[in-house]
Amino acid sequence: MLANPSSGRLHCAKPFQFHPKSKSNKPKCFVFPNCPPRSKSKFCSLSLLVPRKNRKAFGIRALTDAAGAAAVDVTQPYSVKIPVGDRHILIETGHIGRQASASVTVTDGETIVYTSVCLADAPSEPSDFFPLSVHYQERFSAAGRTSGGFFKREGRAKDHEVLICRLIDRPLRPTMLNGFYHETQILSWVLSYDGLHSPDSLAVTAAGIAVALSEVPNTKTVAGVRIGLVGDKFIVNPTTKEMEDSELDLLLAGTDSAILMIEGYCDFLPEEKLLQAIEVGQDAVRAICNEVEALVKKCGKPKMFDAIKLPPPELYNHVEEIAGDELVRALQITHKIPRRKALLSLEGEVLTILTEKGYVSKDTALAGSETVPDIFEDEDEDEEVIVDGEVDEGDVHIKPTSWKSTPLFFSEVDVKLVFKEVTSKFLRRRIVEGGRRSDGRTPEGIRPINSRCGLLPRAHGSALFTRGETQSLAVVTLGDKQMAQRIDNLVGVDEWKRFYLQYTFPPSCVGEVGRNGAPSRREIGHGMLAERALEPILPCDDDFPYTIRVESTITESNGSSSMASVCGGCLALQDAGVPIKCSIVGIAMGLVLDTEEFGGDGSPLILSDITGSEDASGDMDFKVAGNEHGVTAFQMDIKVSGITLSVMRKALLQAKDGRKHIIAELLKCSPPPSGRLSKYAPLIHIMKVKPEKVNLIIGSGGKKVKSIIEETGVDAIDTQEDGIVKITARDLSSLEKSKAIIANLTMVPTVGDIYRNCEIKTIAPYGVFVEIAPGREGLCHISELSSDWLAKAEDAFKVGDHVDVKLIEVNEKGQLRLSRRALLPDADPENAGVRQPTGDSKDVPSQTSDKNKVKGTSSPKNNSSESTLLPQKKFIRRSVSPAKDRQNINNDATKKSSSSKDENTLVNGGANIG
């Protein structure tokens with residue numbers, strides 16, 4: 001194939017050449033784009049390359065004329081620095097990936113993103129969507145790491161990589177031209193990451209620049225930026241450190257004149273503040289696009305506009321004539337399934353009528369949008385000639401054969417595409433002209449709302465939210481830290497999510513049969529949007545130490561299912577007893593941009609709470625979640641070349657009114673949320689011990705903590721370096737047992753404390769070891785066992801005996817020295833600490849038999865742990881240690897332990913935290 005370096009398309013050096021050895025002197029035209037026009041089209045149709053019946057074989061030969069040499073050498077490297085915010089980003093092309101249609105690297109700090117664009121040589125089957133696929137991957141080597149898996153390489157895309165793929169895809173689609181069916185693939189890799197400059201906004205910009213430089217026909221260059229809000233200052237492409245203090249996380253993409261996509265999360269930000277952030281982002285995107293245009297003029301490739309194949313205009317007229325009146329009646333059907341079946345039946349009727357009239361051919365090879373021109377026949381069909389030159393590997397030149405003219409046909413695919421466009425046109429006209437939508441609502445109207453809670457008795461919280469024909473079943477599950485979701489990232493620091501929402505969209509929710517397996521990209525994106533919308537209303541970990549999982553299963557869908565997940569998730573959280581700060585709801589807004597086409601005044605028409613057909617036929621899908629005071633999450637996708645800030649302002653204000661209405665409807669939920677923890681939810685007790693005592697709870701290799709779990713039957717015991725201990729249990733009795741053990745392990749006894757009925761655990765030649773509390777022992781020296789002289793301790797005591805002892809000394813190692821003699825009636829208090837001489841050289845008070853300590857949650861009165869208790873209605877229930885756990889404590893002790901007190905909290909019961 002003789003390739004034109006500037007365009008990457010087949011090039012014909014000389015339009016007509018006579019074959020020197022041909023038996024005929026008929027002129028021969030080579031089928032290449034630069035051939036002189038023989039029909040209305042400037043270029044020969046790509047359909048000429050498709051094999052047909054009775055077609056003669058093509059000859060092959062090479063051409064040497066260099067008349068079509070590229071005007072621009074795309075192999076030459078180009079680079080440009082573009083100011084973005086308070087720094088510059090570096091755009092480079094021609095260095096890497098020169099065989100791709102286009103490739104660029106974008107550098108910000110030491111973060112480098114490489115993006116390439118490639119397209120298939122032959123077009124795919126026509127369809128109603130642009131054949132674009134996007135793949136984004138963060139290489140662990142970019143941060144000097146390797147994958148922790150067995151194969152030590154990156155595997156399937158992680159959830160956050162899928163989200164960035166969507167961020168790249170969504171703003172590019174509206175700029176692609178209809179009728180271009182060459183499969184296009186965008187690959188993006190993070191090659192270097194400095195931990196400071198986020199790669200996601202760079203990936204959006206890199207993809208937009210690569211498409212602009214490639215042959216893919218598009219309308220305008222796309223760029224993306226992130227906007228943060230620190231204090232009252234908006235920051236363009238903030239660093240990760242700046243984002244830690246930001247009230248806003250907004251990613252915006254657009255062109256030099258319009259906004260194409262926004263997605264972001266904030267903490268109840270007012271609409272006006274959000275609009276200011278969007279304006280700052282639009283200015284930054286405009287500056288990038290203007291700089292990129294100069295780069296495109298310098299080294300961009302010619303666009304493949306000739307490859308665009310649109311259905312002929314005549315087909316639109318035929319479809320409107322046949323389906324017009326029936327289409328109007330079908331669009332007036334209120335319910336989705338009957339309307340869909342009516343439209344499907346009408347589409348079949350249109351195909352049948354056009355086929356009967358001879359306009360439609362089921363042979364796609366014969367169907368075309370224009371008459372095929374004649375090409376001169378060559379009798380030497382198998383001849384292959386090399387003309388003055390060399391044939392490189394892969395260079396192919398096609399010798400044309402005879403091709404008779406065929407009549408005009410429409411393909412079935414063209415008819416279906418046109419029918420869909422005509423349906424959208426009629427739907428938009430009905431909304432603009434009649435002021436009513438398919439279900440009879442006004443543009444500002446909200447569908448009927450119905451909700452109920454507690455329908456799943458064994459779930460920790462459940463809610464069924466229904467809005468029109470969209471329904472979400474939300475279920476909440478509570479657990480401890482072990483249920484948290486681990487996030488693997490480039491930084492290498494373990495990140496755990498204690499709240500996550502998982503969205504499921506089964507095919508049954510739209511009455512269809514389809515794939516049911518791993519979550520799709522759409523499900524991951526919708527789930528993240530709902531999750532980030534609800535996150536600001538959750539209590540902090542100190543107030544509610546549970547891991548929270550929300551599952552939203554869409555059981556019916558007719559538009560705005562992600563916002564139904566927000567509403568249902570909020571109700572389910574309340575039903576599970578999670579003390580949320582306020583209620584959050586979501587709404588999806590639509591748009592008919594060009595109302596003048598249908599007799600309107602030309603101003604954009606905003607639609608509230610759009611249905612599926614209004615989403616498909618409209619120009620915008622703008623999802624907004626929050627309450628009556630502010631916004632927590634938002635996402636906008638459009639199907640036109642962009643919208644202005646004024647349109648977005650109108651949509652945001654109308655969405656605010658819609659949210660107020662939905663919040664009022666949620667208050668009518670019947671039955672209402674229970675507002676308390678389910679009896680099937682786990683109990684979590686929090687206690688505070690001294691940080692240096694944590695190792696006593698864990699023990700060597702975790703042996704002690706495991707033994708406590710096995711002994712008491714609790715689910716888990718979690719310790720933190722700051723002394724926080726969390727115990728998770730299914731019942732109160734096991735929780736109390738573990739509390740007592742941990743409290744005794746971590747207590748700091750005070751000299752003078754008296755312990756009653758303590759068991760002798762071990763007898764040594766120099767004394768006995770007495771257990772004053774579970775897991776805590778002290779040495780009672782032989783001289784302190786009796787007021788009389790004893791030669792051997794075993795002469796008077798044996799293992800298992802119970803004695804009363806008094807603590808008389810705590811040495812620098814924390815070892816305890818006890819005395820039984822001090823409590824005897826005839827004992828002299830002044831001499832209680834005087835030892836009886838035994839002459840035993842092994843008089844060593846090493847009394848701690850088990851150095852491996854285990855954490856716990858309850859403590860006796862003389863222990864260092866004391867419960868901090870709140871009333872039951874405050875969601876924190878007082879936890880009382882059983883009397884049997886305190887039998888070893890002297891109620892007559894004249895002095896309590898003077899150690900620092902542990903703070904205990906049992907989470908169980910209410911819905912509001914005081």
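1. A charge sits over a ring if NZ of Lys or CZ of Arg is within 6 Å of the ring centre and within 35 degrees of the ring normal. With that in mind, have a look at Arg-429, which lies over the face of Phe-426 at 5.3 Å from the ring centre. Please keep in mind that this is a predicted model.

2. Another charge over a ring is worth a visit: Arg-458 has its charged end over the ring of Tyr-680, 3.8 Å from the centre.

3. On to the aromatic pairs, where the count is 6. Tyr-503 and Phe-505 make a stacked pair, because their planes are at 15° and planes under 30 degrees apart count as stacked; the ring centres are 6.4 Å apart. Tyr-503 is buried, at 4% relative accessible area, whereas Phe-505 is partly exposed at 22%.

4. Phe-544 and Tyr-546 also form an aromatic pair, this one tilted, with 40° between the planes and 4.8 Å from centre to centre. Phe-544 is buried, with a relative accessible area of 0%, and Tyr-546 is buried too, at 1%.

5. Is Thr-93 buried or exposed? Its relative accessible area is 11%, so Thr-93 counts as buried. A polar atom of the Thr-93 side chain lies 2.7 Å from the backbone oxygen of Ser-103. Setting aside neighbours within four places in sequence, Thr-93 is in contact with Ser-103 and Val-104, with Gln-76, Pro-77 and Tyr-78, and with Leu-213 and Cys-299.

Technical notes:
Residues numbered from 1 in each chain as written. Predicted model: local features only at pLDDT ≥ 70, side-chain atom pairs only at ≥ 80, totals over all residues. Heavy atoms only, no water. Phe/Tyr/Trp six-rings, centres within 6.5 Å; stacked < 30°, edge-to-face > 60°. Buried < 20%, exposed > 50% of the residue type's maximum accessible area, 1.4 Å probe, protein only. Polar contact = N/O pair within 3.5 Å; in protein donor to acceptor, adjacent residues only side chain to side chain. Contact = heavy atoms within 4.5 Å.
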